[in-house]
Amino acid sequence: MKWQERCADFYVAEDYLPREVAQSHLLEILRLGEDKQRGFHHPHLKPNRFHAAPRYPVDHYMGLGLYWDPLDYLYHPRMLHNGLEPWPLPQWLVKLCHEVLAQTFPHHTNWRAEAALVNYYTTGRKMGRHVDKEEKDHRAPVIGFNFGGTCRFYYNDESFLLPGNSVYVFGDSARLMSHGVGAAYKKSLSWESAGILKEGERINITVRQVT
Ligand SMILES: O=C(O)CCC(=O)C(=O)O
């Protein structure tokens, strides 16, 4: 696997999975997302001085394992809005994370996949810049798997194009970098996702150690 180091401790690899494997993982995520209780939903965000009840920027959001709630920015074993436990992380996802870490951060041997945030960006949806700091260990890598369209990924003062079927991982000195993504470009759907997602759509799964 060819990893590009975008800055110290931030790596990206393109064409990560074989086509059929990427497709079956994407289909499984969509299947989990169809569930009315545990699947994709549009959570509320913390109120701010402009909105009493703002919504999370991505209207199809799902948590696996520990549930990160955009309302309080905390991780929970059960979802606050319905009291249910989220789906567990699929075994293939946990295994992929350990493969990624063995190649990029081999010294993080005790890393645990405790939560996955699944953001399904429908056409035009994007994520503003932020820092992931709600997890306890501010060096433990965050791993992001990408399906569907290409978007621009912003980090620190730089940016690059991030296609479907790519993986990124940032940890150690890059763990608290600011980052965000633009909307997926039209006509940029990765061929693995064609027929499953639409042009302009993108799914990102970030896996984290939380406790
Ligand atoms: O969609 C992405 O690649 C970014 C997701 C992200 O910033 C996050 O989950 O913290």
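Asparagine 146 counts as buried, at 2% relative accessibility, where buried means under 20% relative accessible area with a 1.4 Å probe and protein chains only. The structure is a predicted model, in which local features need pLDDT of at least 70 and side-chain atom pairs count only at pLDDT 80 or more, whereas totals for chains, interfaces and linings use all residues. Residues are numbered from 1 along each chain as its sequence is written, and side-chain values use heavy atoms, with hydrogens and water left out.

Asparagine 146 belongs to strand β8 (residues 142–148), strands being DSSP runs of E of at least two residues, numbered from the N terminus. Its side chain is joined to that of arginine 202 by a polar contact of 2.7 Å, a polar contact being a pair of N or O atoms within 3.5 Å, of which, within protein, one must be able to donate a hydrogen and the other to accept it, while residues adjacent in sequence count only if both atoms are side-chain atoms.

Arginine 202 is also among the residues that surround the ligand, including Asn119, His130, Asp132 and Arg208, on the criterion of a heavy atom within 4 Å. Two or more residues of the shell around the ligand come from each of β6 (115–121), β12 (179–181) and β13 (202–208), and β13 gives the most, with four residues.

Conventions: Buried means under 20% relative accessible area, exposed over 50%, partly exposed in between (1.4 Å probe, protein chains only).
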